[in-house]
There are 2 protein chains.
Amino acid sequence: MTKANYQGFVQQLQKVFDVQASIALLNWDQETYMPKGGAAQRSRQISTLSAYAHELFTDPAFKSLVRTLNDNLDSLSTSEQVNIKETYKQIARAEKLDAAFVSKRSECISATYQSWIKARAEKNYSIYEQQLQQLIELKKEEADRIGYTDHPYNALLEEFEPGMDCKQLDRIFQGVKDHLNPLLKQILAKAAPDDGFMRRNYDKDKQWDFGIDLLKGMGYDFDRGRQDLSIHPFTTGFGADDIRVTTRVNEHNLASMVWSCIHEGGHALYEQGLPSADYGLPTGKYISLGIHESQSRLWENHVGRSSAYWNHNFKLAQSYFPEQLHDLGAHEFYAACNKIEASPIRTEADELTYHFHVMIRYEIEKELITGNLSTKDAEAYWNEAYKTYLGLNISDPNQGILQDIHWSLGSLGYFPTYSIGSFYAAQFYAAAGQAIEDLELQIAQGDTSQLLSWLQQRIYEQGMHYSAEELAIAITGEPLNYDYFKAYTAKKYGALYDL
Amino acid sequence: MTKANYQGFVQQLQKVFDVQASIALLNWDQETYMPKGGAAQRSRQISTLSAYAHELFTDPAFKSLVRTLNDNLDSLSTSEQVNIKETYKQIARAEKLDAAFVSKRSECISATYQSWIKARAEKNYSIYEQQLQQLIELKKEEADRIGYTDHPYNALLEEFEPGMDCKQLDRIFQGVKDHLNPLLKQILAKAAPDDGFMRRNYDKDKQWDFGIDLLKGMGYDFDRGRQDLSIHPFTTGFGADDIRVTTRVNEHNLASMVWSCIHEGGHALYEQGLPSADYGLPTGKYISLGIHESQSRLWENHVGRSSAYWNHNFKLAQSYFPEQLHDLGAHEFYAACNKIEASPIRTEADELTYHFHVMIRYEIEKELITGNLSTKDAEAYWNEAYKTYLGLNISDPNQGILQDIHWSLGSLGYFPTYSIGSFYAAQFYAAAGQAIEDLELQIAQGDTSQLLSWLQQRIYEQGMHYSAEELAIAITGEPLNYDYFKAYTAKKYGALYDL
């Protein structure tokens with residue numbers, strides 16, 4: 001009986017994922033190949049399928065099936081239990097938001113997104129501010145409906161990073177400030193490495209081929225994925241056997257393509273490594289946004305910005321761009337890609353100043369959600385914070401508070417996962433270094449296969465068998481610990497900047 | 001009340017189309033960009049969405065709404081009436097096949113398709129024959145359930161070419177035989193034009209650009225469409241503002257790319273010309289496969305294989321391929337692309353022998369569906385017919401009865417629409433020539449815009465306001481008449497072959 005019920009559960013959940021994967025394809029196409037005429041019809045197609053996915057997931061018969069199975073967990077295998085418990089949790093969360101609220105929120109998001117677009121076009125935050133405040137009010141209501149302990153922001157965090165809360169985040173970000181403030185001061189007092197050569201003229205087709213080589217080198221499987229161009233790079237997938245990345249190619253910025261490629265490649269390796277047979281089930285899914293980001297950051301920073309990596313790959317870069325790179329050595333390339341510099345745009349920030357961008361957003365989000373700060377005052381808060389933390393004077397709001405899409409989509413609680421990802425990356429990479437004795441040497445010889453296998457076995461193949469914290473404990477013996485990032489950056493930048 | 005009902009009807013029908021358009025994208029991606037790993041998951045995604053589209057369309061509340069509206073047609077506008085009547089007809093047809101039958105048929109199709117793949121791989125028809133017979137039995141049952149007058153084949157024809165029946169087809173194909181048999185005999189007695197130069201080495205990228213130029217020249221709108229590569233060229237769409245074509249490029253066959261491009265371009269012009277606001281409604285849809293094909297054939301043959309067209313475009317071809325075409329003139333190019341030659345493969349046939357390919361399939365289908373012929377004897381029948389009609393000895397079944405996918409998918413009654421399309425094309429093109437005085441001169445000057453406008457106004461923008469026969473009468477004053485094709489080919493080939 002329970003066996004048959006479980007089969008029915010699997011069927012329905014995989015059906016939900018069939019629809020979600022179709023939505024993902026509609027989105028992928030929209031960002032890559034769709035002619036501009038297709039936009040209006042595409043929105044309605046996505047909206048129809050989204051409603052269907054929601055209908056399937058919240059179907060009363062399905063909910064009661066999950067509830068029954070959740071009451072009989074003992075008769076299920078470990079993996080089956082993971083799938084039931086996780087789905088039960090998601091349903092319980094979804095049930096707290098009734099259809100009227102969800103629809104009101106979705107309309108408000110649509111209006112807020114439109115006003116963000118308009119505000120950016122006119123470089124004027126005030127166009128957007130009132131609409132954003134309305135969305136914030138709904139997010140407060142959402143937090144109240146979901147319920148929380150200590151802080152309403154915890155209810156929002158839970159959506160993206162289950163198990164994380166403000167108390168932990170505050171502690172972590174205090175560590176970040178204590179560590180990065182003096183480190184940055186030291187670094188910025190030194191002469192910056194020259195990275196001007198990254199902005200020479202690099203043929204787009206050759207950049208493309210170079211990027212493909214880098215992805216292949218990482219172990220990205222082109223039989224189960226592909227790369228295309230899009231304005232904003234992203235990773236998407238339709239099951240572990242078809243996981244796609246996109247990149248951007250700027251003729252005058254080699255760095256932009258290289259690290260977006262490796263970053264998305266990291267995300268994609270995680271997805272390609274999930275158990276394909278568990279299609280659509282929690283055991284076939286990533287754990288959290290922070291863990292997902294840990295994989296993109298691990299590959300982007302710990303591998304892709306390491307001296308060992310360029311020890312091997314600089315020759316490859318030179319073979320594609322002999323003219324542009326003939327006067328350089330691997331070390332100059334390595335130094336350039338680790339140049340530290342305060343800059344206003346988060347997505348272009350280096351791996352140290354990046355976390356101030358996140359912290360500022362985190363602080364503002366927390367204040368907005370408690371009502372201590374109104375959106376009217378948020379721009380001044382933003383600009384003041386950039387002055388304080390990074391010494392920057394922001395005058396253009398497109399380079400300031402209007403730069404990110406997240407708030408306009410109601411994604412409050414999302415930004416911290418970027419930093420969490422970086423810190424997990426440092427922690428996991430340290431464990432990999434313990435497990436694989438000559439890891440650095442292997443990378444210097446262009447071989448990341450042992451690293452990939454280790455990640456596959458320890459993380460990717462586990463799906464949601466662990467929570468983020470459980471995974472960290474299983475691999476490293478302790479929960480998220482900022483000290484690994486601290487040690488990694490102190491060592492790397494100490495050497496690079498001769499501190 | 002009726003107004004509100006009608007709005008509800010439109011919403012549901014457009015929702016069905018949202019799902020169908022999403023399926024079309026899943027298919028498009030499968031044929032163009034999907035990595036091979038995606039195949040298994042893609043099938044299930046398509047199958048889930050197909051079931052949903054069917055569920056929405058056969059929803060009892062929707063059916064009863066359509067029935068109510070169909071009983072109150074007087075209170076609706078002409079366009080609204082078209083939409084209700086057509087949908088009512090489709091529902092009535094669908095209702096004759098219960099869910100159990102549809103599911104049995106779908107399983108049988110899947111098995112038959114698999115055995116067709118296997119038979120082709122082993123070049124052995126007997127592997128496939130018994131499975132095909134099972135599908136034929138289901139098609140007989142389908143015809144019986146649908147109901148028909150005179151001949152069970154009429155029930156199948158109705159799906160693809162509403163209003164067409166065996167009586168008309170027999171009469172038309174008798175005309176084809178009476179006309180084409182002696183014409184072919186005359187032509188084949190003459191020296192064939194040299195088309196060897198079409199198989200010189202043509203750079204793929206340049207072919208691609210040439211094809212894009214030809215599509216632009218026809219008026220295909222790249223802001224509302226795009227071209228990609230696929231093994232078998234096709235046209236697909238997700239609403240009139242996003243209609244895509246694919247083509248194939250063979251380095252050693254310029255003709256293959258050129259006419260597949262123009263053929264699919266013709267299909268696409270029809271779809272791009274449908275009223276975009278009538279998204280998903282019959283008034284925003286093509287009339288029948290025959291009318292659709294009439295547009296691909298009109299552009300492919302009447303425009304694209306005309307002396308006037310190459311009078312202009314041969315210079316363009318030469319500019320792309322100066323080396324390959326420098327020793328030729330426009331007339332030699334024109335003659336080569338109208339070379340008549342009996343050959344075993346339908347999709348590679350010239351515009352005259354093509355109809356024997358169709359006739360042979362039509363004859364066999366009719367005999368199979370009445371049970372006068374069993375699949376066991378179909379191969380011998382096929383080979384005998386190719387000997388009789390085209391003088392060909394077929395020994396390889398992949399060049400014979402296994403060449404087309406259609407039967408394996410249960411698409412009996414489909415082939416005749418290819419010929420019907422050609423004959424409508426001749427009839428419509430004659431009317432266009434009457435309406436546009438110097439049409440040939442315009443084409444010779446590279447200007448097909450007036451032709452396109454005429455087709456847009458008379459055909460494309462009409463959606464399903466007319467049936468195929470009504471459209472023919474509206475435009476040409478008479479129903480489908482083979483004489484136009486006869487006159488067109490007699491004149492063209494008379495001059496070309498000096499008969």
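**Notes on a two-chain model**

1. Starting with chain A: Gln207(A), Gly211(A), Leu214(A), Leu215(A) and Met218(A) of α9(A) meet Leu254(A), Met257(A), Val258(A), Cys261(A), Ile262(A), Gly265(A) and Leu269(A) of α10(A). (Contact needs C-beta atoms, placed from the backbone, within 7 Å; helices, H or I of at least four residues, and strands, E of at least two, are DSSP runs numbered from the N terminus.) That contact splits into nine nonpolar, three polar and no charged residues, with Ala, Val, Leu, Ile, Met, Phe, Trp, Tyr, Cys and Pro as nonpolar, Asp, Glu, Lys and Arg as charged, and the others, Gly among them, as polar.

2. Some housekeeping. This is a predicted model, where local features need pLDDT of at least 70 and side-chain atom pairs count only at pLDDT 80 or more, while totals for chains, interfaces and linings use all residues. Residues are numbered from 1 along each chain as its sequence is written, and chains are lettered from A and ligands numbered from 1 in the order in which they are written.

3. Back to that helix pair. The axes of α9 (204-218) and α10 (254-273) of chain A come within 10 Å and cross at roughly 30°, which means that α9(A) is roughly parallel to α10(A). (Axes are lines fitted to C-alpha atoms, for helices over the stretch in contact, with angles from 0 to 180 degrees between N-to-C directions; under 35 degrees counts as roughly parallel, over 145 as roughly antiparallel, 65 to 115 as roughly perpendicular, the rest as oblique.) The crossing of α9(A) and α10(A) is right-handed, meaning that the near helix is turned clockwise from the far one by less than a right angle, left-handed being anticlockwise.

4. Next, α1 (2-32) and α2 (39-57) of chain A: these pack at about 165° with axes 9 Å apart, so α1(A) is roughly antiparallel to α2(A). Their crossing is left-handed. Among the α1(A) residues that meet α2(A) are Val16(A), Val19(A), Ile23(A) and Leu26(A), and the α2(A) side includes Ile46(A), Leu49(A), Ala53(A) and Phe57(A). The contact of α1(A) with α2(A) divides into 10 nonpolar, seven polar and two charged residues.

5. In chain B, have a look at the three-stranded open sheet, ordered β1-β3-β2 with mixed pairing (two strands pair if DSSP finds at least two bridges between them). β1 (227-229) and β2 (235-237) of chain B are the edge strands. β2(B) and β3 (243-247) of chain B run antiparallel over three bridges, and Thr236(B) sits opposite Arg244(B) of β3(B). α1(B) packs on this sheet, touching β1, β2 and β3 of chain B, at about 140° to the direction of β2(B). α10 (254-273) of chain B also packs on the sheet, touching β2 and β3 of chain B, at about 170° to the direction of β3(B).

6. How do the copies relate? Chain B superposes on chain A by a rotation of 180° with 0.0 Å of shift along the axis (RMSD 0.0 Å), so the relation is that of a two-fold axis.

7. Finally, the interface. 30 residues of chain B are in contact with 30 of chain A. On the chain B side, α1 (2-32) and α2 (39-57) each supply at least two residues, and α1(B) gives the largest share, eight residues. That side divides into 12 nonpolar, eight polar and 10 charged residues.

Conventions:
Contact = placed C-beta atoms within 7 Å. Least-squares fit on C-alpha atoms with pLDDT ≥ 70 in both.
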